[in-house]
Amino acid sequence: MYTFDSESSLAIGAWGASWELSHMDLAIRTRDLRKIYNSPPPAAAGRTGFFTQSGGKKSRDQKQQITALDGINLDVAPGQIFGLLGPNGAGKSTTVGILTTRVRPTSGTAWIGPHDVWREQIAAKLQIGVVAQRPNLDFSLTAREILLFHGAYFGLSSHERAERANALLRRFKLTDRADQLVRGFSGGMMQRMSIARAMMHDPQVLFLDEPSVGLDPQTRLLLWEIIREYNQKGRTILLTTHNMEEADTLCQQLAIIDHGRIIAQGMPAELKASIPGGYLLRLRFGHHSAPLLERLATLAGVTEVRPDGDSAADLYASRGGSLIAEIANAAAALSVDLSDVHISEPSLENLFLHHTGRSLRE
Amino acid sequence: MNRKAFLALLARDAHVARRNLGPLILQTFLQPLLFVFIFGRVMVGSGYMPAAYKSLLLPGIMAISMVFTGVWAVAMPLIGEFQFTHEIEDRLLAPIDISWVAIEKVVAGLIQALVAGLTVIPLAWIILRPGLELHVANPLLFATITLLVAGFSACGGLALGCSVDQQHIGLMFSMVMTPMIFFGCTYYPWSALSKFPILEKIVLINPLVYASEGLRATLVPQFPHLWLPLILVALTTFDILLLVLGLRQFRNKAVS
């Protein structure tokens, strides 16, 4: 392992010797990160965000402000695959942008290892590799040249550069296109290339912003395999996704983010177990009534009943299919039509729904 | 500053320039050489222009070539890379302060402008001789002025490239570059404006005036030109102003 001792030595490796404070043991840490955009945020940094009405006389002239992040606290231990899960515009890319020196936070602090990202930018940049949401490959260069120049920016020797470029091109199945300009590459190839480039200087922390969007299932599996492999070398990976399967199978820790706030954080299994009951039964009636909902709440295993308008209700329970007969009986006894039942097993989707009342897919 | 990263950035630009050498040469030299041929050779040869015009024209053409090359070399990639291909992001993440990424662009543009300017002289000499009278009495002055002009073009490219939207590139050339060239004392010396007293004063806000008059002062000092200290001060001021403005705009673009 290398140590990082001064700006001039381009050591690429583990954190330096100053471990006095416990938070320095973390690979990524943020405290109370806020970001308010005065103009629409760039495409990769949250496409929508949400609008806040800024009151007062002074702000009348100002453009509408968009709060992208509203107090984000993250603690990511080294060697983890950490997922930021949330819908588009939740603030995932803005968080990544701040951690990778591309978005200036309105307030709050972000650290990569012991380095304050905004005070020690160069030290922080030495520790990170970044795959942006939109492709940003150097179109004037070939695949191999992209890797070689990227290595040169990070001070790798020419021998080391050539060796690593070869290995990465092989691993990402790009060897046969290595000496072609990347402007002719397909979307999937560009994405593989972006990830190879981010790994070129062997960063301690790898950021992947929506890495599997637009990839075919086969490439997605290759990508997951490579991410796991990289993680096994002891590297930390932070990825953003709105794909629950990806979050569930790949990530060891998750933060679920919505409207610029973290609404839940933990291991995927832990998070799923935290939903009351675990199972979600979405019920539709002709027209439900308060006595029916009260009756449903008393059924064995039911932990929570949430009405959704006059004709629907969400029921959280510790069992699924075996409840249907009892629900149907209860409805029949009160002469209410049960028109539809949808059962879903404990999932991150249910968790998101439970916290926000909205589906992740919406 | 991280010297290794800076040199690697420069090497990347040199590599790309080498790859595009053919189109780059055509783009840089075709227009000025056509100008030299028509105005210096055809118009003078046919008697519509006096023979002395050859020598008067050359510094102006050199200034145009340098400014066009520098602005183009810095502004065009920046506009495309920030707004369209996002190519620059990898360089912004290099372990170097992002201002140095901009300065590297300026250095690359400055070198290209120098090469363009210095190549125009022998090429034009081939087309225009005989009758071209260049007197470089003070090589140090020539080097200083050429460097300041190249710097002004590259810094101008940085400021423009970070201020102009992609959809306004055409407008940038028709609204900024074209008037700058025609009112830049390129095809005529500043002294020719003495009969237009208002215009004579207004054009002094145009940095290209100092570039062409500066090159005139050092290449063909036998013709009237602006006062040399004024030229040097003005060019230095424009270099610094455009660099500071360009860096500010660059940082605003690079970090949201």
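Biologist: What average pLDDT does chain B have?
Modeller: This is a predicted model, and the predictor gives the complex an ipTM of 0.89 together with a pTM of 0.83. In chain B, 100% of the residues score at least 70, and the average pLDDT is 91.

Biologist: Which helix of chain B gives the most to the side that touches chain A?
Modeller: The contact brings together 23 residues of chain B and 26 residues of chain A. On the side of chain B that touches chain A, α1 (3–19) and α4 (89–92) each supply at least two residues. By class, that side of chain B has 11 nonpolar, four polar and eight charged residues. With eight residues, the helix that gives the most to it is α1(B).

Biologist: How are α6(B) and α9(B) oriented to each other?
Modeller: The axes of α6 (residues 139–161) and α9 (residues 207–219) of chain B come within 9 Å and cross at roughly 160 degrees. Since angles over 145 degrees count as roughly antiparallel, the two helices α6(B) and α9(B) are therefore roughly antiparallel.

Biologist: How many nonpolar residues are in the contact of α6(B) with α9(B)?
Modeller: α6(B) passes α9(B) in a left-handed crossing. The residues that α6(B) brings to the contact are Leu141(B), Phe142(B), Ile145(B), Val149(B) and Phe152(B), while α9(B) brings Pro207(B), Ala211(B), Gly214(B), Leu215(B) and Thr218(B). By class, this contact of α6(B) with α9(B) has no charged residues and two polar ones, and the number of nonpolar residues is eight.

Biologist: What is the handedness of the crossing of α2(B) and α5(B)?
Modeller: The axes of α2 (residues 21–45) of chain B and α5(B) come within 10 Å and cross at roughly 35 degrees. Among the residues of α2(B) in this contact are Phe29(B), Leu33(B) and Phe37(B), and those of α5(B) include Val120(B), Leu123(B) and Ile127(B). By class, the contact of α2(B) with α5(B) has 11 nonpolar, three polar and one charged residues. The crossing of α2(B) past α5(B) is right-handed.

Biologist: How are α5(B) and α10(B) oriented to each other?
Modeller: The crossing of α5(B) and α10(B) is right-handed, and the contact is made by residues including Ile98(B) and Val106(B) of α5(B) and Leu243(B) and Phe250(B) of α10(B). By class, the contact of α5(B) with α10(B) has seven nonpolar, two polar and one charged residues. The axes of α5(B) and α10 (residues 228–254) of chain B come within 10 Å and cross at roughly 125 degrees. The orientation of α5(B) and α10(B) is therefore oblique.

Biologist: Which residue is joined to Arg129(B) by a cis peptide bond?
Modeller: The bond has an omega of about 0 degrees. The partner of Arg129(B) in this cis peptide bond, found in the loop between α5 (98–128) and α6 of chain B, is Pro130(B).

Biologist: Where in chain A is His259(A) found?
Modeller: The phi of His259(A) is near 50 degrees, which is a positive value in a residue other than glycine. His259(A) is found in the loop between β10 (253–258) and β11 (261–266) of chain A.

Biologist: What distance separates the centres of domain 1 and domain 2 of chain A?
Modeller: Chain A is divided into domain 1, spanning 22–53 + 62–271, and domain 2, spanning 276–345. Taken over C-alpha atoms, the centres of domain 1 and domain 2 of chain A are separated by 42 Å.

Methods. Residues numbered from 1 in each chain as written. Chains lettered and ligands numbered in written order. Predicted model: local features only at pLDDT ≥ 70, side-chain atom pairs only at ≥ 80, totals over all residues. Axes fitted to C-alpha atoms, helices over the stretch in contact; angles between N-to-C directions. Helix = DSSP H or I, 4+ residues; strand = E, 2+ residues; numbered from the N terminus. Parallel < 35°, antiparallel > 145°, perpendicular 65-115°, else oblique. Left-handed = near helix turned anticlockwise from the far one by under 90°. Contact = placed C-beta atoms within 7 Å. Nonpolar A, V, L, I, M, F, W, Y, C, P; charged D, E, K, R; others polar. pLDDT = per-residue confidence, 0-100. Domains from an automatic or database assignment.
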